[in-house]
Amino acid sequence: MESRRFFSSLSLLAALTVLCLCMGVRSQLSTNFYAESCPNVFKVVRREVADALKNEARMAASLLRLHFHDCFVNGCDGSVLLDGSDGEKFAFPNQNSVRGFDVVDSIKTAVENECSETVSCADILAIAARDAVVLSDGPSWKVLLGRRDGLVANQTGANTNLPAPFHSINTIKNKFAAVGLDTTDVVALSGGHTIGRARCVAFRSRLLSFSPTGSADPSLDSTMASELQSLCPQGDDGSTAAALDRSSVNAFDNHYFSNLLNQRGLLSSDQGLFSSDEGVAATKDLVEAYSKDAGLFFKDFANSMIKMGNISPLTGSAGEIRKNCRVVN
């Protein structure tokens with residue numbers, strides 16, 4: 001009996017030790033991580049993001065996308081920023097899609113001038129994404145900080161892990177689940193498409209290939225389909241871009257979800273949240289709820305961004321603080 005008690009105590013102690021270690025890693029991300037080492041980091045990043053948006057409003061969506069595409073590959077470690085032919089930025093889902101690297105360079109330079117070799121590129125992406133949303137009239141949230149930068153990119157992971165505009169809702173749900181995000185996160189974070197643009201190549205299949213006669217996707221509003229067919233004629237290179245939310249191109253609001261109710265989602269993965277069989281089963285109710293309640297969408301989006309920012313961060317002595325976001329030290 002005493003022996004069993006002894007081993008039970010050991011098992012409990014081991015479990016508590018693992019739990020404490022896990023909580024310790026998580027606790028290294030905090031809202032005041034740079035309170036002493038770089039107290040003005042938020043002001044510096046906000047100023048640089050504001051300047052970038054004055055120059056090009058679309059950059060808000062680009063900075064948000066960079067953070068998303070970073071976190072889904074290797075975790076939120078700034079690896080999407082690394083140059084090199086094997087870099088993530090040259091993976092198929094990122095080619096001619098992710099942008100804003102020069103803006104991140106400018107932010108990093110400004111932060112380095114404020115406090116050298118202190119703030120990671122991964123944390124800069126997290127702060128810039130939040131500021132891009134706020135400056136587009138979207139919600140704010142407290143960004144957890146303390147990430148360190150990865151030493152390697154993962155182009156294969158980018159090709160495998162990132163959701164694509166032609167993926168089914170179940171495939172997208174599975175990719176989110178693989179990094180610890182649930183169905184609410186799928187719908188809320190898809191709402192980030194209330195700002196930004198997509199190239200014709202990302203949605204042209206919806207305009208031409210749904211019958212032998214080349215008719216448009218029946219889940220796409222016919223007037224919108226005609227307009228997009230004129231914008232994206234057959235035989236062009238597919239580089240022309242269309243607004244993801246035609247109702248309010250640069251404003252972060254819940255019009256994206258109202259568009260889905262009216263069959264005006266640009267990407268197949270957008271409209272599928274409301275119209276596909278998989279969407280009807282899993283995501284349609286949330287789309288309807290967000291279309292009626294912008295406050296609910298803003299709340300869930302902010303919470304999902306915090307969750308996404310917690311995907312496998314490097315902390316403590318792991319990784320490094322890059323001096324230049326494009327290359328390892």
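Which cysteine does a disulfide join to Cys38? The partner is Cys115, with an S to S distance of 1.8 Å. Keep in mind that this is a predicted model. The pair ties together distant parts of the chain, 77 residues apart: Cys38 sits in the loop between helix H1 (2-27) and helix H2 (41-55), while Cys115 sits in the loop between helix H4 (101-114) and helix H5 (121-134). Look along the S-S bond and you'll find a torsion of about -50°, so this disulfide is left-handed. As for solvent, both Cys38 and Cys115 are buried.

As a reminder for anyone clicking through the sulfurs, a disulfide is a covalent bond between the sulfur atoms of two cysteines. Another one links Cys71 and Cys76, whose sulfur atoms lie 2.0 Å apart. Here the angle about the S-S bond is 120°, and the link is right-handed. Cys71 and Cys76 are both buried.

Now jump to Cys121 and Cys325, where the sulfur atoms are 2.1 Å apart in a disulfide. This pair also links distant parts of the chain, with Cys121 in helix H5 and Cys325 in the segment after helix H15 (294-309), 204 residues apart. The link is left-handed, with -100° about the S-S bond. Are these two cysteines buried or exposed? The cut-off for buried is under 20% relative accessible area. Cys121 has a value of 0%, so Cys121 is buried. Cys325 comes in at 2%, so Cys325 counts as buried too.

How do the bonded cysteines pair up when you count them along the chain? The pattern is 1-4, 2-3, 5-8, 6-7.

Let's end on H15, the helix that comes before the segment with Cys325. Its 16 residues should span 22 Å at 1.5 Å a residue, and because its end C-alpha atoms are 22 Å apart, the model agrees with that expectation. At the start of the helix, a side-chain oxygen of Asp293 reaches to within 3.1 Å of the backbone nitrogen of Gly295.

Conventions:
Residues numbered from 1 in each chain as written. Predicted model: local features only at pLDDT ≥ 70, side-chain atom pairs only at ≥ 80, totals over all residues. Heavy atoms only, no water. Disulfide = S-S within 2.5 Å. Helix = DSSP H or I, 4+ residues; strand = E, 2+ residues; numbered from the N terminus. Buried < 20%, exposed > 50% of the residue type's maximum accessible area, 1.4 Å probe, protein only. Expected span 1.5 Å × (residues − 1). Polar contact = N/O pair within 3.5 Å; in protein donor to acceptor, adjacent residues only side chain to side chain.
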